[in-house]
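This report describes a single protein model. The sequence and the structure are shown first.

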Amino acid sequence: MPISYDKTWALMKAKGLTTTRIRKEKIIGESTLQSMRKGKSVTLESLENLCEVLECQFGDLVEYVRDNGADSKQEEAQS
């Protein structure tokens, strides 16, 4: 997946926000946490909730990581 949440995990650690607290306070659901761990898409509402708690912007949480393998496949298909 081209979405990386590494910045989210680092910011959570720096600010002392645990996944246990996220679940207890219902900031985001367990299925959303699992999606993030797998690099899958999550809703903007979930990211908004994290931004509120972590006092940050969307860009502080996610990063687009270009999938070079997909680019190679597209180039081959265009040839």
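The model is predicted. The protein chain contains 5 helices and 2 strands, and its elements follow the order β-α-α-α-α-β-α from the N terminus. Of its 79 residues, 29% count as buried. The accessible surface of the chain is about 5600 Å², and carbon and sulfur atoms make up 47% of that surface. Among contacts with a separation of 6 or more, 59% join residues 24 or more positions apart.

Helix α3 spans residues 30-37, and Thr32, Leu33, Ser35 and Met36 are buried in it. These residues lie on the same side of α3, because they cover an arc of only 160° around the axis. In general, residues three or four places apart point the same way, because an α-helix has 3.6 residues a turn. The buried residues of α3 pack against α1 (6-15), α2 (19-24) and α4 (44-54). Just after α3 comes Gly39, with a positive phi of about 75°.

Two cysteines, Cys51 and Cys56, are compared here.

| Residue | Relative accessible area | Closest cysteine sulfur |
|---|---|---|
| Cys51 | 10%, buried | Cys56, 4.0 Å |
| Cys56 | 11%, buried | Cys51, 4.0 Å |

Why does the search of the whole structure find 0 disulfides? A disulfide needs two cysteine sulfur atoms within 2.5 Å. The sulfur of Cys51 is 4.0 Å from that of Cys56, its closest cysteine sulfur, and therefore too far for a bond.

Technical notes:
Residues are numbered from 1 along each chain as its sequence is written. This is a predicted model: local features need pLDDT of at least 70, side-chain atom pairs count only at pLDDT 80 or more; totals for chains, interfaces and linings use all residues. Side-chain values use heavy atoms; hydrogens and water are left out. Buried means under 20% relative accessible area, exposed over 50%, partly exposed in between (1.4 Å probe, protein chains only). Helices (H or I, at least four residues) and strands (E, at least two) are DSSP runs, numbered from the N terminus. The arc is that of the directions from the helix axis to the C-beta atoms. Contact means heavy atoms within 4.5 Å. Accessible areas come from the Shrake-Rupley method with a 1.4 Å probe; for residues, only the protein chains shown count as cover.
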